[in-house]
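Thank you for making time this morning.

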Amino acid sequence: MLSSGRGVRLAATESLSRSAYLVAAEADDQGADACILLAAPVQEKRLLELGPHLLHEEVQVAWDRNTRSVRAHKRLQIGAITLKESSIAQPPEDQVLQALLSGIRIEGLDCLPWTKSSRQLADRMRFLHHHLPEWPDLIEDHLTEELAEHLSPFLTGMRSAADLKRLSMQDVLLGGLSWEQRQQLDREAPTHIQVPSGSRIPVDYSRPEDPTLAVRLQEMFGQQETPRIGGGRVPLTIHLLSPAQRPVQVTRDLANFWRETYFEVKKDLKGRYPKHYWPDDPLEAIATNRAKPRI
């Protein structure tokens, strides 16, 4: 290869072909690769002495997919020809950060240490953005510029996928919100809903357009209307469960369920679970998380 980066072939003696470096005095310019017609071997030391004005040093800090880490190298080059290459123990922190963010883009967001609580937080934020376009869109299927901005302060000192395991994604996501937004998040996208039995049931936000609540039917006695979130704009999809935690009805209209469907469901459940409480009037009945309410 010539210093210009162009491919080259040697039409000369075998001794020249064994030389690491050549000074080409004459070459043709035919075809894809030039053919060296006249050349002389040169030692690397002599090359460095004769051509210091041609030398340049290149520092490369980049994500290595094989090691899943940031690798830094320094190359001494004449044009496109690398004379020396060595690793850099302490590359510039700003370049490490950009290489690490590039690595997260390459590996995907699953390389970050998501926990059950941080995934639920991300889903809650997606829910609010879905229903309130003005809400910040921090979380997508890839690393957004906004998420990268909030991640960056937490990446100091990190250089690998293994280092990323030290992150708290909960802290990263909350760090991107103002105090007012955190209050709105808790108010309009609560982690749990308290049902008439007194139980606090987690809300599933995995489908931001259709958040769900899976709760035993007996715990909802006395609840006339479907619980709503998002400032009252979004009704929850209620998965009503049997005492064995199996779905018996899915509804977004609890009032209609009590009025039109409950009595058919009651007949089936009473036959399968005779020791449990199946009142004739579910809206006046005492909700319970037990087989029967305490009296």
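Let me begin with the protein as a whole, where 40% of the 295 residues count as buried, and please keep in mind throughout that what you are looking at is a predicted model. The protein has nine helices and 13 strands, and its accessible surface comes to about 16,900 Å², with 48% of that belonging to carbon and sulfur atoms. If we take the contacts with a separation of 6 or more, 54% of them are accounted for by residues 24 or more positions apart.

Now I would like to turn to one helix, α9, which covers residues 254–272. How far apart are the end C-alpha atoms of this helix of 19 residues? They are only 23 Å apart, whereas a straight helix would reach 27 Å at 1.5 Å a residue. When we look along α9, we find a kink of about 65°, and this kink is centred on threonine 261. In general, an α-helix has 3.6 residues a turn, so residues three or four places apart point the same way.

The next stop is leucine 185, which sits in helix α8, residues 179–188. Is leucine 185 buried or exposed? It counts as buried because its relative accessible area is 1%, and the cut-off for buried is under 20%. Setting aside neighbours within four places in sequence, leucine 185 is in contact with Leu121, Arg124, Met125, Leu128, Trp135, Leu177 and Pro190. The C-alpha atom of leucine 185 is also separated by 9.8 Å from that of phenylalanine 127, a residue 58 residues apart from it along the chain.

Finally, let us look at a loop position, threonine 144, which lies between α4 (116–131) and α5 (145–151). Although threonine 144 is in a loop, it counts as buried, since its relative accessibility is 10%. Its side chain reaches the backbone nitrogen of leucine 147 at 3.0 Å, and, leaving aside neighbours within four places in sequence, threonine 144 is in contact with Asp137 and Leu138.

That is where I will stop, and I am happy to go back to any of these places.

Terms used:
Residues are numbered from 1 along each chain as its sequence is written. This is a predicted model: local features need pLDDT of at least 70, side-chain atom pairs count only at pLDDT 80 or more; totals for chains, interfaces and linings use all residues. Side-chain values use heavy atoms; hydrogens and water are left out. Helices (H or I, at least four residues) and strands (E, at least two) are DSSP runs, numbered from the N terminus. The expected span of a helix is 1.5 Å times one less than its number of residues. The bend at a residue is the angle between axes fitted to the seven residues ending there and the seven starting there. Buried means under 20% relative accessible area, exposed over 50%, partly exposed in between (1.4 Å probe, protein chains only). A polar contact is a pair of N or O atoms within 3.5 Å; within protein, one must be able to donate a hydrogen and the other to accept it, and residues adjacent in sequence count only if both atoms are side-chain atoms. Contact means heavy atoms within 4.5 Å. Accessible areas come from the Shrake-Rupley method with a 1.4 Å probe; for residues, only the protein chains shown count as cover.
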